[in-house]
Amino acid sequence: PYEIELIDVDKAQHRTPEFKAMNPLGKVPVVLDGQIPVSELGAIGIYLSDKYPQAGLAPPIDAQTRADYLRWCFFASGIVEPALAQKFLGFEISRTQAAWGSYDLMISMAEQGTSKEEWLAGSSFSTADLLVASILRFGIMFAAITSPKLKDFVRKASDRPAFERASAKEAELLKELTGEAK
């Protein structure tokens, strides 16, 4: 069970001392697990997956697939996000000067990883799939990613009941926040 609390960045709720105590950068999302704040998407995903192993979203620490799992978890924020920023902002940089390589290299690597019949880190859906699909979905929504292979992967990850439940919960909360739910 979980609750979603929307943070209104237009009202600078992410800049309050209370929020900055959870994430000094004032970035969202932040997960509060009891009294423990966890920020940064990859850290949130890995933390929750390891804390709640019964969900089956992470391979055990000694599993052969653990290295791939971790690589893909970090690929989402460390490679896809800056490559999308490169695309959105239209700047060119030598792939040897950028930690993420380049936008085109990111697309190529993501297509290779997501074109398997299985998931990124083995035969079952994991947090790595959730993180990568989420950031790819963002790129698709803003037309920065047009690859049919990557669209297929995002569709596959989104066709899960858990995604549908989370999306419905978020949509209901947005309706309440905007006053549309009466």
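## How α4 and α6 meet

At roughly what angle do the axes of α4 and α6 cross? They cross at roughly 50 degrees and come within 9 Å; axes here are lines fitted to C-alpha atoms, for helices over the stretch in contact, with angles running from 0 to 180 degrees between N-to-C directions. That makes α4 oblique to α6, given that angles under 35 degrees count as roughly parallel, over 145 as roughly antiparallel, 65 to 115 as roughly perpendicular and the rest as oblique. Helices (H or I, at least four residues) and strands (E, at least two) are DSSP runs, numbered from the N terminus.

A word on the source: this is a predicted model, in which local features need pLDDT of at least 70 and side-chain atom pairs count only at pLDDT 80 or more, while totals for chains, interfaces and linings use all residues. Residues are numbered from 1 along each chain as its sequence is written, and side-chain values use heavy atoms, with hydrogens and water left out.

Back to the pair: α4 passes α6 in a left-handed crossing, that is, the near helix is turned anticlockwise from the far one by less than a right angle (clockwise would be right-handed). On the α4 side, Ile107, Ala110, Glu111 and Thr114 meet Lys149, Leu150 and Phe153 of α6, where contact means heavy atoms within 4.5 Å.

## α5 against α6

Helix α6 also meets α5: their axes come within 9 Å and cross at roughly 125 degrees. That makes α5 oblique to α6, and this crossing is left-handed. From α5, Asp129, Val132, Ala133, Leu136, Arg137 and Ile140 take part, facing Leu150, Lys151, Phe153, Val154, Ala157 and Ser158 in α6.

## The largest nonpolar core

The largest nonpolar core holds 31 residues, of which Leu84, Met106, Val132 and Leu136 touch the most other members. Such a core is a set of buried Ala, Val, Leu, Ile, Met, Phe, Trp, Tyr and Cys residues joined through side-chain atoms within 4.5 Å; buried means under 20% relative accessible area, exposed over 50%, and partly exposed in between (1.4 Å probe, protein chains only). Two or more residues come from each of α3 (66–89), α4 (103–114), α5 (127–141) and α6 (148–158), with α3 giving the largest share, 8 residues.

Take Leu84 as a guide. Neighbours within four places in sequence aside, Leu84 is in contact with Tyr103, Met106, Ile135, Phe138, Gly139, Ala144 and Ile145.

Gln86 sits in helix α3 and counts as buried, at 5% relative accessibility. Beyond four places in sequence, Gln86 touches Phe91, Glu92, Ile93, Trp100, Ser102 and Tyr103.

Ser147 belongs to the loop between α5 and α6 and is buried, with a relative accessible area of 7%. Its side chain makes a polar contact of 2.6 Å with the side chain of Glu111.

In α2 (residues 41–51), the buried residues are Gly42, Ile44, Gly45, Ile46 and Ser49. Their cover includes β1 (30–33), β2 (36–39), α3 and α5.

Ala143 lies in the loop between α5 and α6 and counts as exposed, at 57% relative accessibility.

Methods: Polar contact = N/O pair within 3.5 Å; in protein donor to acceptor, adjacent residues only side chain to side chain.
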